[in-house]
Amino acid sequence: GSDVTGDGTAGNPWQTIQYAINNSVGGDVINVAAGTYNESVVINKSLTLDGAGPNDTILDGNSATGNYYMVNIQADNVTVKDLAITNPLFSGRADASGVVWANAGRKSNIHLSNLKIHDIGTATRSPVDFGTFGVNGGPVNGAEVDNLEVYNIGNADPTAFNVGIFVWGNTPVESANNVNIHDNVVYNIFGSGSSIDGISAG
């Protein structure tokens, strides 16, 4: 594909996922072909991002200093499914996350399905601001997280969190409502401190 000469069709696709997002409109379905995409993405409109399967469509940040939020959801009514998400090279301090919706206000209707999220940041990085997360979710009205495989999530900072699937929101103002986390496989969540969880909500 090409972000210069492509038109977003199956016969003449764009090259990068972010370019496709930038050129989409609310309600679009972006079909991401098999391949490895060395980028992170910001989803700032309501849409569906649909890969060819987590063994075939791979989003790899491939950066030691950036791409610490691999899929950054900043809109309501977003679905991300059928792809793999990783950035094993990241060695910075940030709270590295495979998918995050916790950093841009309350969201509604977030759906993550059939994703493989693994190796988000190096295992030896320290110090770390807050933690390392496969999924890092915050205040929301409606979220479903299903059929994910999350593994190799951790860091070497004894004060940091290490969580496979994390959804926080336990005050009246910052609440996580109608969250359904089911049928996920989470393993090899590690760290040198005590805050190590496969799934943590609330």
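Guide: The model is predicted: local features need pLDDT of at least 70 and side-chain atom pairs count only at pLDDT 80 or more, while totals for chains, interfaces and linings use all residues. Residues are numbered from 1 along each chain as its sequence is written, and side-chain values use heavy atoms, with hydrogens and water left out.

Visitor: What makes something a pocket, and what makes a residue part of its lining?

Guide: On a 1 Å grid over the protein atoms alone, a pocket is an open set of points with protein on both sides within 12 Å along at least five of seven lines, whereas in a cavity a 1.4 Å probe fits but cannot get out; lining residues have an atom within 4 Å of a point. The largest pocket has 19 such residues, and Gly8, Pro13, Trp14, Ile30 and Asn31 lie nearest its centre. Two or more lining residues come from each of α1 (17-22) and β1 (28-31), and β1 gives the most, with four. Helices (H or I, at least four residues) and strands (E, at least two) are DSSP runs, numbered from the N terminus.

Visitor: What is the volume of the largest pocket?

Guide: About 420 Å³. Such a volume is the space filled by probe spheres set on the grid points, which are joined across faces, edges and corners.

Visitor: Why is the pair Asp50 and Lys81 called a salt bridge?

Guide: The term requires a side-chain nitrogen of Lys or Arg within 4 Å of a carboxyl oxygen of Asp or Glu. Asp50 and Lys81 have an N to O distance of 4.0 Å, so the pair qualifies. Asp50 lies in strand β4 (residues 47-50) and Lys81 in strand β7 (residues 78-87), so parts 31 residues apart in sequence are tied together.

Visitor: How many salt bridges does a search of the whole structure find?

Guide: Two. One of them joins Arg93 and Asp129 at 3.0 Å, N to O. Arg93 is in the loop between β7 and β8 (97-100) and Asp129 in the loop between β9 (107-120) and β10 (131-137), 36 residues apart. Arg93 at 47% and Asp129 at 37% are partly exposed.

Visitor: What is the difference between a stacked and a tilted ring pair?

Guide: Rings of Phe, Tyr and Trp (its six-membered ring) pair if their centres lie within 6.5 Å; planes under 30 degrees apart count as stacked, over 60 as edge-to-face and the rest as tilted. There are eight aromatic pairs. Phe130 and Phe133 have ring centres 5.3 Å apart and planes at 40°, so this pair is tilted. The rings of Tyr151 and Tyr187 have centres 5.0 Å apart and planes at 5°, so this pair is stacked.

Visitor: Which residues do ring pairs link into a cluster?

Guide: Phe130, Phe133, Phe161 and Phe166.

Methods
Buried < 20%, exposed > 50% of the residue type's maximum accessible area, 1.4 Å probe, protein only.
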